[in-house]
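Let's take a friendly walk through this model, starting with a helix and moving on to cores, rings and strands. Here are the sequence and the structure.

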Amino acid sequence: MKKIRNSKEYIEEVEQYDDFVLLDFFATWCGPCQMLKPVLESVEDIIKVVQLDVDRYDIDYNFKIKSIPSLYIIKNNKIVNKTEGYQTEKELLNFIKESMNIEPEKYKDVPKKGEITKITNKIIKKIFK
């Protein structure tokens with residue numbers, strides 16, 4: 001599981017990735033976030049998982065993070081789906097499956113780097129049978 005540490009990594013791991021990415025906004029002090037870690041690891045063979053520590057790095061406020069953990073499915077730099085809070089493995093698998101079946105025209109644009117990244121140097125800069 002990749003941890004995003006700067007805007008360059010965010011661009012490489014999320015913005016420029018042309019398949020589904022599960023972006024996890026978390027904090028080290030957050031109990032549900034820590035409980036979610038092994039669940040996220042269990043789905044890494046299905047979807048690319050990246051994490052962003054909201055306390056260490058500025059976040060893009062256009063994601064409108066209201067609670068953590070917050071999980072976003074992104075494809076081709078577009079938000080496909082999102083959920084908040086702890087997820088069991090079954091719930092997370094259902095969320096991923098549902099997200100991968102959403103019609104592409106329903107995806108929401110992720111704002112472009114210049115629009116969303118009023119950022120400092122330390123910013124975000126088995127499938128079912």
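## An enclosed helix

In H1, the residues Ser7, Glu9, Tyr10, Ile11, Glu13, Val14 and Glu15 are buried, where buried means under 20% relative accessible area, exposed over 50%, and partly exposed in between, using a 1.4 Å probe and protein chains only. Seven of the nine residues of H1 are buried, so this helix is largely enclosed by the rest of the structure. Helices (H or I, at least four residues) and strands (E, at least two) are DSSP runs, numbered from the N terminus.

At the start of H1, a side-chain oxygen of Asn6 comes to within 3.1 Å of the backbone nitrogen of Lys8.

## How to read the values

This is a predicted model, in which local features need pLDDT of at least 70 and side-chain atom pairs count only at pLDDT 80 or more, while totals for chains, interfaces and linings use all residues. Residues are numbered from 1 along each chain as its sequence is written, and side-chain values use heavy atoms, with hydrogens and water left out.

## Two nonpolar cores

A nonpolar core is a set of buried Ala, Val, Leu, Ile, Met, Phe, Trp, Tyr and Cys residues joined through side-chain atoms within 4.5 Å. The largest one has 17 residues, and those with the most contacts inside it are Leu23, Phe25, Phe63, Tyr72 and Ile74. Two or more residues come from each of helix H1 (7-15) and strands E2 (21-26), E3 (48-53) and E4 (70-75). E2 gives the most, with four residues.

Apart from this core lies another, of 16 residues, including Phe20, Leu36, Ile73 and Leu92.

## Rings

How many aromatic pairs does a search of the whole structure find? It finds one, where rings of Phe, Tyr and Trp (its six-membered ring) pair if their centres lie within 6.5 Å, with planes under 30 degrees apart counted as stacked, over 60 as edge-to-face and the rest as tilted. The rings of Phe25 and Tyr72 have centres 5.7 Å apart and planes at 80°, so the pair is edge-to-face. Phe25 lies in strand E2 and Tyr72 in strand E4, so the pair ties together parts that are 47 residues apart in sequence. Both Phe25 and Tyr72 are buried.

## A hairpin

E4 and strand E5 (residues 78-84) pair in the antiparallel sense over six bridges; two strands pair if DSSP finds at least two bridges between them. Leu71 has Thr83 in E5 as its bridge partner. E4 and E5 form a hairpin with two residues between them, and Asn76 in the turn has a positive phi of about 50°.

Conventions:
Polar contact = N/O pair within 3.5 Å; in protein donor to acceptor, adjacent residues only side chain to side chain.
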